[in-house]
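Hi,

Here is the structure I promised to pass on.

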Amino acid sequence: AFGVVADIQFADAEDGHDYGGYRRRYYRHSLRLLREAVRAWAGENPPIDFVLQLGDSIDGQNARRGEAESALQQVLEVLGQLSVPVHHAWGNHELYNFSRARLVHTGLYSRPAGGSDGPPDRECHAYHCSPAPRLRLVVLDTYDVSTLGADPGSLRYQESLRVLREKNPNDDLNSPTGLKEPHFVAFNGGFSQAQLDWFDEVLKFSDENQEKVIVMAHVPIHPYASNGVCLAWNYEAALSVIHSHGCVVCVLAGHLHDGAYCLDSHGVHHLTLEGVIETPPDSNAFGTIYVYEDKMVLKGRGRIPDRIMHF
């Protein structure tokens with residue numbers, strides 16, 4: 001069993017709204033909701049084995065307020081009350097607050113320090129581990145190709161800007177207005193070929209060893225588990241890797257605060273979790289997933305509905 005939570009986006013700030021000005025965001029309350037989640041997970045019996053934090057743990061406004069380090073510390077302190085590992089995905093809000101080079105030296109860097117568990121690029125926050133026999137967790141970095149958190153003089157930044165500009169001629173690169181492919185916006189990102197090749201090798205190993213694989217990432221990689229905008233730039237390439245193997249049973253993501261779900265044409269479950277940040281203080285948005293031989297059962301709290309996902 002393991003815990004799941006997405007888009008906490010904590011800031012020590014008054015309630016606000018999303019970029020469109022329509023959706024209320026509860027910045028300060030999100031930390032209290034996380035505390036409730038941690039208390040619930042700590043009381044699980046049998047106990048959970050790990051937690052997946054699906055990205056955007058703190059809000060981008062912390063950078064403007066000079067509070068990025070303190071906000072992150074508060075979130076990590078709450079999660080640190082758990083006696084089990086927490087696996088972190090990097091989201092756009094992490095990269096609004098910290099450079100990629102700095103994130104490597106924070107508590108959000110959950111990639112193991114040694115060994116060959118991730119791509120050669122140590123700043124790519126992708127890795128895999130086996131939390132139980134014949135079960136593998138793969139953490140993907142959906143901002144491996146992105147202008148966010150990258151040094152503007154770097155090859156990573158220049159290449160990412162080229163990819164983005166090719167598809168998005170808008171003055172505001174966060175605007176999908178008029179785009180044929182509306183997911184080519186700056187608050188999304190994509191996968192490098194190096195990460196995709198590494199991912200392919202991991203899944204090949206899992207096929208050969210008859211493992212079930214759970215994939216986690218911040219940005220959804222299936223259009224039907226998305227609103228069409230919150231979607232990885234080259235999602236087709238990641239899906240192509242997954243569909244060329246038989247081992248992946250589920251892809252977990254955040255980013256889209258409304259949440260979404262689909263079962264794709266290859267029998268892979270794509271579950272996008274509702275975000276804590278837009279959850280009223282009298283509700284919540286987290287869950288516990290129980291893994292069996294032939295299914296995963298999500299027990300959701302608050303805004304997150306229960307779900308059974310058969311393999």
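This is a predicted model: local features need pLDDT of at least 70, side-chain atom pairs count only at pLDDT 80 or more; totals for chains, interfaces and linings use all residues.

Strands S7 (residues 135–139) and S8 (residues 212–216) run parallel to each other, with 5 bridges between them. Here helices (H or I, at least four residues) and strands (E, at least two) are DSSP runs numbered from the N terminus, and two strands count as paired if DSSP finds at least two bridges between them. Within this pair, Arg136 sits opposite Val213 of S8.

Residues are numbered from 1 along each chain as its sequence is written, and side-chain values use heavy atoms, with hydrogens and water left out.

Those strands belong to an open, mixed sheet of 6 strands, ordered S6-S7-S8-S9-S11-S10. S6 (127–132) and S10 (260–263) are the edge strands, each with a single partner, so one side of each has no neighbour in the sheet. From one strand to the next the twist averages 15°. Helix H7 (residues 193–208) packs on this sheet and touches S6, S7, S8 and S9 (248–253), its direction making about 175° with that of S7. Contact means heavy atoms within 4.5 Å; axes are lines fitted to C-alpha atoms (for helices over the stretch in contact), and angles run from 0 to 180 degrees between N-to-C directions.

How much of S9 is buried? The count is 6 of its 6 residues, so S9 is largely enclosed by the rest of the structure. Buried is under 20% relative accessible area, exposed over 50%, and partly exposed in between (1.4 Å probe, protein chains only).

Strand S1 (residues 2–5) is worth a look too. Phe2 and Val4 point one way from S1, Gly3 and Val5 the other, and all are buried. S1 pairs in parallel with S4 (residues 50–53) over 4 bridges, with Gln53 as the partner of Val5. S1 is also joined by 4 bridges to S12 (residues 285–291), which runs antiparallel to it; Val4 faces Gly287 there.

On a 1 Å grid over the protein atoms alone, a cavity is a set of points where a 1.4 Å probe fits but cannot get out, a pocket is an open set with protein on both sides within 12 Å along at least five of seven lines, and lining residues have an atom within 4 Å of a point. The largest pocket has a volume of about 480 Å³. Its lining has 21 residues, with Asp18, Tyr19, Arg25, Phe187 and Cys230 nearest the centre, and helix H4 (residues 92–97) gives the largest share, 3 residues. The second largest pocket is about 230 Å³ and has 15 lining residues, among them Pro133 and Tyr292.

Cheers

Note on methods:
Grid points are joined across faces, edges and corners, and a volume is the space filled by probe spheres set on the points.
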